[in-house]
Amino acid sequence: MSNAKHWLGLGMSLYFWGLMNLTTAALSDPLTPQGEVEVTPADKPQSHQRTKRSWVWNQFFVLEEYTGTDPLYVGKLHSDMDRGDGSIKYILSGEGAGTVFTIDDTTGDIHAIQRLDREERAQYTLRAQALDRRTGRPMEPESEFIIKIQDINDNEPKFLDGPYVASVPEMSPVGTSVIQVTATDADDPTYGNSARVVYSILQGQPYFSVDSKTGVIRTALMNMDREAKEYYEVIIQAKDMGGQLGGLAGTTTVNITLSDVNDNPPRFPQKHYQMSVLESAPVSSTVGRVFAKDLDEGINAQMKYTIVDGDGADTFDINTDPNFQVGIITVKKPLSFESKKSYTLKVEGANSHLEMRFLSLGPFQDTTTVHISVEDVDEPPVFQPGFYFVEVPEDVAIGTTIQIISAKDPDVTNNSIRYSIDRSSDPGRFFYVDITTGALMTARPLDREEFSWHNITVLAMEMNNPSQVGSVGVTIKVLDVNDNAPEFPRFYEAFVCENAKAGQLIQTVSAVDQDEPHNGQHFYYSLAPEAANNPNFTLRDNQDNTARVLTRRSGFRQQEQGTFYLPILIADNGQPALSSTGTLTVQVCSCDDGGHVLSCSPEAYMLPVSLSRGALIAILACIFVLLVLVLLILSMRRHRKQPYIIDDDENIHENIVRYDDEGGGEEDTEAFDIAAMWNPREAQAGTAKTRQDMLPEIESLSRHVPQTCAVSSSVHSYVLAKLYEADMDLWAPPFDSLQTYVFEGDGSLAGSLSSLHSATSDSEQSFDFLSDWGPRFRKLAELYGAPEGPAPLW
């Protein structure tokens, strides 16, 4: 290829050299058109006579890419003054002079000494001058000329922007423009066909084509499917010389991607889904996922899932995951295995964005069936209702059932339930719940004035699985009853002047009552019966829950009586009405004419204002009672240190340790005091030896139960009442004492079980009574009973 270019360049150089010589010869003609330069010697006088031109030229042409070893001849400079004797010296200056071009200063021949490239520089501008070699004087004026580099086809077309990346929608019509490619040829476009480029496609057919002149790439095949093939590599060639043989060519790659359109409807890969969910799954929890496959991508593959039918449409919901385009089925309502064990859903998946020109490929939705099984879990008991509100009068008896709490195991097994109270919600232990029936009862007296509301939590536990515990809140409102009598809110003490007159007001009294009746409080005041005919004072009820105390006479004297105690009866309007008596202390004082107190009785000065003589007496009485109690406690402690049995020789503890023989029953008193095992009442009557730690109240479990307890219809009520009595009685012995068990012996309902009166041998003992004891003793009756007669039928 380089040799062809070399000979082609050499031929072109010879051609233009011949053409240049012909042009130079023509220019030397005197009849050359005007515009050319004519030069005359400097030493000759100028005249209007036209003189012969010495040298004229316009431009030289030289072919590029000369590869010969000798300098490339460009042209020749010659002056008419040159006689050929070497007296003229030619000088070359300007662009490339001396480096690219040289001149023979004697002959004027110009040569190119470097390889020329038109694409780097298309022309050079130089200046020529002829000098007298001897004197150095210019023989010709300096003249400028151009050396043009003649182009040859030495550059192939190039795609400066390649490789290219383009996209076109799939299923596009034939002839749809994809991209335009452009090749650039560095050769001279104004000369020949060196820069005339023709485009062709080398790779990518039959899918794409290219316009030979413009380089526009178009689709050449209809219904190209992205899902079948998405990427294409197309190779485009650009060839100069108009595509003729011998032209140079360049190539580029165009990577074409088919962009997606919504031409594929969604389809469920499964027509039936099977899922399961625990019945304890909370609302909004995930059950499972369904997926409708769509071969498209991006916005064309966006899905919307909906439940269009099925018996679970109200129980479950479905949402679309925007990242993975799957349908997420969630719980919408609480589930119950016992109510419904399975559900069926019909789910539809549809594209959100449709293209009208592809609707014929639809429908763009699909349906599937989802079967959901509800799995049973062991659930805690459930209360019905879920909250209890109870109103209870505060005077309700201990052990009264105030509410039946009901819970049920929601599971199919329907396990038994055991009830209890969360003691953190009832620290005062006012209530008790029956473990099996759920009957809520009072365990202590209720006092509305102390606690008007109780909020307790009742627990229900499965017997077979104690970890399953349900709870319910019970709010108890304690209703008010008239159980508090009205009383004075404070200690009332008044004074009356010695000079007081009858009917004078000395005190206004009021009362308070802890009860709160529905219609409000109304108090009635009167003098106590013992003071109804009091000659000194009278009382008038104001009918507004207050009363006035007035004098009935005048002439009070300190010396006669310095203090009066007036009992006042206060009654409320409750059902039944309650009353109390309050005392008003009235001091007789000496006053001035304006009614101002000057002095009262000596007691009034000696005692504090707020402490009357009656109050002092009460305080002294309390102190005396406290001293008696202290002495009693000390005495009891001293007695407790003594043996429980009065007779030291019959100490129960020591004798039991030493005793090594078989017991003799009730008649054997050598081992311990048998009176301790008797009924307390009979023991007291039959012996003088009593346990000092036993009080007569510990007889509630014997057959001599008080009538009020024995007639109770509820065992729970009886036990709770006795438990409260034991809790309140600080002197009762502990419950592990002997007195808390049913007593054996003559006082017992079971009779004596002692062997003292038994026969000496089995043969003399009769066991016929075993036949009357029922089926449980039938085997014993057969072994020890009389063999005569048929066995009883039970």
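Analyst: Three strands, in the order β2-β5-β4, make up an open sheet with antiparallel pairing. Two strands count as paired if DSSP finds at least two bridges between them; strands (E, at least two residues) and helices (H or I, at least four) are DSSP runs numbered from the N terminus. The model is predicted, and local features need pLDDT of at least 70, side-chain atom pairs count only at pLDDT 80 or more, and totals for chains, interfaces and linings use all residues. Residues are numbered from 1 along each chain as its sequence is written, and side-chain values use heavy atoms, with hydrogens and water left out.

The edges of the sheet are β2 (72–76) and β4 (101–103), each pairing on one side only. On average, neighbouring strands are turned by 25 degrees against each other, direction ignored. Axes here are lines fitted to C-alpha atoms, for helices over the stretch in contact, and angles run from 0 to 180 degrees between N-to-C directions. Four bridges link β2 to β5 (residues 109–112) in the antiparallel sense, and K76 stands opposite D109 in β5.

Another open sheet has four strands in the order β8-β14-β13-β10, with mixed pairing. Its edge strands are β8 (164–169) and β10 (198–203), each of which pairs on one side only. Neighbouring strands in this sheet are turned by 35 degrees on average, direction ignored. β10 runs antiparallel to β13 (residues 231–239), joined by five bridges, with Q203 opposite I235 in β13.

The largest nonpolar core has 25 residues, and V496, Y525, F537, V549, I568 and L584 have the most contacts inside it. Such a core is a set of buried Ala, Val, Leu, Ile, Met, Phe, Trp, Tyr and Cys residues joined through side-chain atoms within 4.5 Å; buried means under 20% relative accessible area, exposed over 50% and partly exposed in between (1.4 Å probe, protein chains only). Elements giving two or more residues to this core include β31 (492–497), β36 (563–571) and β37 (579–591). Leaving aside neighbours within four places in sequence, I568 is in contact (heavy atoms within 4.5 Å) with residues including F488, Y525, V549 and L584. A second, separate core of 23 residues includes I402, F430, F431 and V474.

Helix α7 (residues 715–728) has 14 residues, which at 1.5 Å a residue should span 20 Å, and its end C-alpha atoms are 20 Å apart, which agrees. The expected span is 1.5 Å times one less than the number of residues. In α7, the buried residues are S717, Y718, L720 and Y724.
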